[in-house]
Amino acid sequence: AVVHHLAPHITVPEPMLLPIIMGGSMPQWMASLGTWMYDFLAGVKKSESRKVLDKTATLAYEPLLAGARVTGGIHYYEYRTDDARLTMAVVHTAQTQGAVILTYTKVVELLYEAQTIVGVKAIDTLTNKEYIFKGTAIVNAAGPWVDGIDAQDENIRKDKLLLTKGVHIVVDYSKFPIKQAAYFDVGDGRMVFAIPREGKTYIGTTDTNYTGSFEEPGIEESDKKYLIECISLVFPTVKLTVYDIESYWSGLRPLIRQKNSKSPSAISRKDEIFTSTTGLLSIAGGKLTGYRKMAERITDIVAERLKHTYNINPCTTETHMLYGGDISRHGGLKEFIALKLAELTGEGIDTDTATRLIRLYGSTIEDYVAELHHIDERIAANGLPKWLKAQLQYTIKHEFVCKPEDFIVRRTAD
């Protein structure tokens with residue numbers, strides 16, 4: 001709810017259906033209690049609070065459940081975000097507050113003086129040039145790489161993480177025309193979701209132990225079959241096969257290793273902060289939902305350590321609007337889209353693309369329009385051939401990605 005307030009253009013409430021399946025691991029009373037607690041803790045608005053459904057109402061919400069052993073369901077609201085755009089919004093916001101952002105930069109060594117951490121050696125992976133960065137507080141928040149970096153510190157817990165892999169598959173909406181997002185019990189103690197979006201339906205997620213390459217977790221045939229079988233179990237009228245999978249994505253969860261052996265799904269998603277006598281702070285675990293709260297905890301620890309030297313205040317991000325999020329003064333996202341749609345379609349951008357751009361950029365859409373005009377001016381000033389100028393303008397306005405050689409070949413042919 002906090003992130004929805006800070007970035008309403010990219011974190012939006014979405015209705016979810018939780019069907020109750022006979023013989024499943026979650027009876028209706030448990031689902032009802034769980035979603036009631038969720039509504040309470042997540043600050044869900046009354047208009048979006050959960051509804052307990054009987055079998056008839058559940059099938060009315062989602063006819064594709066016909067044939068499954070459905071006994072009832074819960075209709076509630078979740079928050080869906082675009083994780084890539086949310087990351088960009090956080091980075092932009094940090095930059096406006098004075099942060100220096102270094103991408104494609106890898107820490108290769110922790111630096112110490114008198115057994116106190118004082119900085120890092122990093123390498124620009126695009127140029128292979130090394131840099132030394134000194135600091136009064138060093139935080140390791142490197143996700144799956146946390147243990148690899150902490151291995152250099154003698155006084156911090158080692159082998160903290162247990163990595164698990166999650167895979168999502170994407171099929172065309174025509175193959176799985178689910179009316180709305182669903183979150184369902186698949187009988188093995190796990191929950192899986194299916195979400196319709198922009199003409200596709202994506203399904204996820206798996207949860208398996210992982211020890212391979214961090215950069216490319218990939219997908220196994222067993223991952224594909226598992227998710228397809230989950231759909232067949234709960235949506236028997238949907239006849240998906242692995243050949244219907246158009247694309248996938250996979251990622252790693254840096255979970256905190258626990259003493260008692262558990263299945264990957266049973267391991268807590270709680271984050272944890274680790275401290276060293278050298279001054280190094282490391283944070284791991286957690287999930288996207290709690291990213292801001294995790295950062296707040298670390299920031300407050302750093303602020304407390306440095307308050308006498310630098311007069312740093314505790315974290316204030318709970319009320320700090322994210323880049324592009326200033327749309328409430330227009331009434332909300334729907335009102336803002338309606339307001340800006342005419343402006344963008346007037347620039348020659350089709351309605352679907354214009355709507356997508358407004359959702360991506362939020363209140364900074366004006367900067368995008370200004371850049372369009374600036375690009376038009378540069379194209380006009382360069383005296384390009386008319387066909388190339390038209391192609392460039394069309395490409396830019398529709399956000400297609402073209403390589404320079406695409407134009408060079410055409411020009412040479414002419």
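Two strands pair if DSSP finds at least two bridges between them. With that in hand, here are some close-up views of this predicted model.

**View 1. Strand β9 and its two partners.** Welcome to β9, a mostly covered strand in which four of the five residues are buried. On one side, strand β1 (residues 11–21) pairs with β9 in the parallel sense over two bridges, and Met-16 stands opposite Ala-181 of β9. Strand β10 (residues 191–197) also pairs with β9, here in the antiparallel sense and over four bridges. Look for Tyr-183, which stands opposite Phe-193 in β10. The hairpin of β9 and β10 has five residues between the strands, and in this hairpin Gly-187 takes a positive phi near 90°.

**View 2. A nonpolar patch on the surface.** Which residues form the nonpolar patch? They are Trp-29, Met-30, Leu-33, Trp-36, Met-37, Phe-40 and Leu-41, and together they have about 840 Å² of accessible area. Met-30 has its place in helix α2 (residues 28–42). Its relative accessibility is 36%, so Met-30 counts as partly exposed.

**View 3. Trp-36 and Phe-40, a stacked pair.** A search of the whole structure finds eight aromatic pairs. In the pair of Trp-36 and Phe-40, the ring centres are 6.0 Å apart and the planes are at 5°, so the pair is stacked. Both residues belong to helix α2; because they are four residues apart there, about one helical turn separates Trp-36 from Phe-40. Trp-36 is partly exposed, at a relative accessible area of 48%, whereas Phe-40, at 61%, counts as exposed.

**View 4. Phe-176 and Phe-235, an edge-to-face pair.** Here the ring centres of Phe-176 and Phe-235 lie 5.2 Å apart with the planes at 65°, so this pair is edge-to-face. Ring pairs link Phe-176 and Phe-235 with Phe-184 into a cluster.

**View 5. Charges over rings.** The charged end of Arg-85 sits over the ring of Tyr-361, at 5.0 Å from the ring centre. Lys-160, in turn, lies over the face of Phe-274, 5.4 Å from the centre of that ring.

Methods
Residues are numbered from 1 along each chain as its sequence is written. This is a predicted model: local features need pLDDT of at least 70, side-chain atom pairs count only at pLDDT 80 or more; totals for chains, interfaces and linings use all residues. Side-chain values use heavy atoms; hydrogens and water are left out. Patches are made of residues with over 30% relative accessible area and no salt bridge: like charges are joined within 9 Å, nonpolar side chains (Val, Leu, Ile, Met, Phe, Trp, Tyr) within 5 Å. Accessible areas come from the Shrake-Rupley method with a 1.4 Å probe; for residues, only the protein chains shown count as cover. A salt bridge is a side-chain nitrogen of Lys or Arg within 4 Å of a carboxyl oxygen of Asp or Glu. Buried means under 20% relative accessible area, exposed over 50%, partly exposed in between (1.4 Å probe, protein chains only). Rings of Phe, Tyr and Trp (its six-membered ring) pair if their centres lie within 6.5 Å; planes under 30 degrees apart count as stacked, over 60 as edge-to-face and the rest as tilted. A charge sits over a ring if NZ of Lys or CZ of Arg is within 6 Å of the ring centre and within 35 degrees of the ring normal.
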